Amino acid sequence: MKTQFFNKTNAIIEKIEAEMKMPVLVFWKSGNSIIDYSDISALSKMISEIGNDKEICIIIRTIGGNASAAMSIAHLFKDHFKNITFIISSICLSAGTMVALSGNKIEFTSSGYLGPIEPTTYLQDDEKWKAYSPTDFKHFLDGEEDDEKRKELYKDAGDKVGVLPVGKMMRLLKHEIKEGCSVVLRHMKNEKKAKKIIKKLMFGYSNHNFPIGLHEAKILGLNAKQTSNKVSFLVTELNGLYSKFVEPKKKHLGTGEVEKIYLDDIFQSNGRQIFSITKFTYNTVLQIGEIAVKVKWIHKTKESEKKYIPESGV
């Protein structure tokens, strides 16, 4: 039996399709849920049912995530669709920006914005894994114009975190520039312009949270525009339903145990919806928590039953 939530959101998607005159796919990540490789299988299922249409409109919301997974998703979209229009419904940050760069056109709602791209690597320090930003590392080195002093900075960095980790950070930066350009060049023929866009996204902003709205996107060189008032209203309504739906549900199990259910991700097209669930059980007496295995619930208009696909543990 299809849920009321599915029926309401699907009705809005049908209206957006009518306005955009192309199929619509929603790629919506809630709260702190990040882009990862499990998204590829879910999106592949959605795309297989949409078919290899020439055009697609993708509504995206995400705080970012795994850069390599984001690049794989970007290429997945370009492999199946010749012309892609992204609608930036609210936040689309970091790795989400990388996904959006696969779009031939990017439309912004009034509250939509992208974010700079900043790869992160993890290095072991005193038996603990710490996150390092290769971008910040390069900014630090570029701040010194004297070549001899730059060499000293490299040496100091090598002594502090190790020569191989420094090399790893520099290699990651080159890889991100190369792969970012490969995404943009799927629809942009000017290699110089593509490289300029990627470098600006990686090194051209004061911090990782800098909001790149419509005006800044145009300055950056992206094919960007404001989405129509009607589509913007529909997308905002859709966001509101999704946001309300993913609010954590709490259930008291007795003996001091509390179960919280988090709805993490929503993938939806006309007639099909996938969302993932995380169950978190917490004992208020023992102060111990445990995350259960995630499952993906699938709704289809052509099927009366509800199915789920177990995923790997968290």
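1. A word on naming before we start: helices (H or I, at least four residues) and strands (E, at least two) are DSSP runs, numbered from the N terminus. Please also keep in mind that this is a predicted model. With that naming, K21 falls in the loop between α1 and β1 (24-29). K21 has a positive phi of about 60 degrees, although K21 is not a glycine. Is K21 buried or exposed? Its relative accessibility is 70%, so K21 counts as exposed, the cut-off being over 50%.

2. S94 sits in the loop between β3 and α4. Here the relative accessible area is 11%, so S94 is buried, the cut-off being under 20%.

3. Now for the overall picture. The chain contains 10 helices and 14 strands. Of its 314 residues, 47% are buried. If you take the contacts with a separation of 6 or more, 63% of them come from residues 24 or more positions apart. The chain exposes about 16,500 Å², and carbon and sulfur atoms supply 53% of that area.

4. Strand β3 (residues 83-92) deserves a look. Why can it be called largely enclosed by the rest of the structure? Nine of the 10 residues of β3 are buried, and that is the reason for the description. Strand β2 (residues 55-62) pairs with β3 in the parallel sense, over seven bridges. In this pairing, T62 stands opposite C92 in β3.

5. C92 leads on to T97. T97 belongs to helix α4 (residues 95-100), and its relative accessible area of 1% makes T97 buried. Which residues does T97 touch, leaving aside its neighbours within four places in sequence? The contacts are with C92, L114, G115, I117 and L201.

6. C92 is buried, with a relative accessibility of 0%. C181 is buried as well, at 8% relative accessibility.

7. Next come the aromatic rings. The count comes to six aromatic pairs. One of them is F5 with F245, a stacked pair with 3.7 Å centre to centre and 5 degrees between the planes. This pair links distant parts of the chain, with F5 in helix α1 (residues 4-20) and F245 in helix α10, 240 residues apart. The two partners fall into separate accessibility classes: F5 is buried, with a relative accessible area of 11%, whereas F245 is partly exposed, with a relative accessible area of 21%.

8. Ring pairs link F5, W28, Y242 and F245 into a cluster. W28 has a charged neighbour too: R61 lies over the face of W28, at 5.1 Å from the ring centre. Elsewhere, the charged end of K200 sits over the ring of Y205, 4.9 Å from the centre of that ring.

9. Helix α10 (residues 229-245) also holds N229. N229 is exposed, with a relative accessible area of 71%.

10. With a relative accessibility of 8%, T278 counts as buried. T278 and Y262 lie 16 residues apart in sequence, and their C-alpha atoms are 5.1 Å apart in space.

Conventions
Residues numbered from 1 in each chain as written. Predicted model: local features only at pLDDT ≥ 70, side-chain atom pairs only at ≥ 80, totals over all residues. Heavy atoms only, no water. Buried < 20%, exposed > 50% of the residue type's maximum accessible area, 1.4 Å probe, protein only. Phe/Tyr/Trp six-rings, centres within 6.5 Å; stacked < 30°, edge-to-face > 60°. Lys NZ or Arg CZ within 6 Å of the ring centre and 35° of its normal. Contact = heavy atoms within 4.5 Å. Areas by Shrake-Rupley, 256 points an atom, 1.4 Å probe, with all protein chains shown as cover. Pairing = 2+ DSSP bridges.
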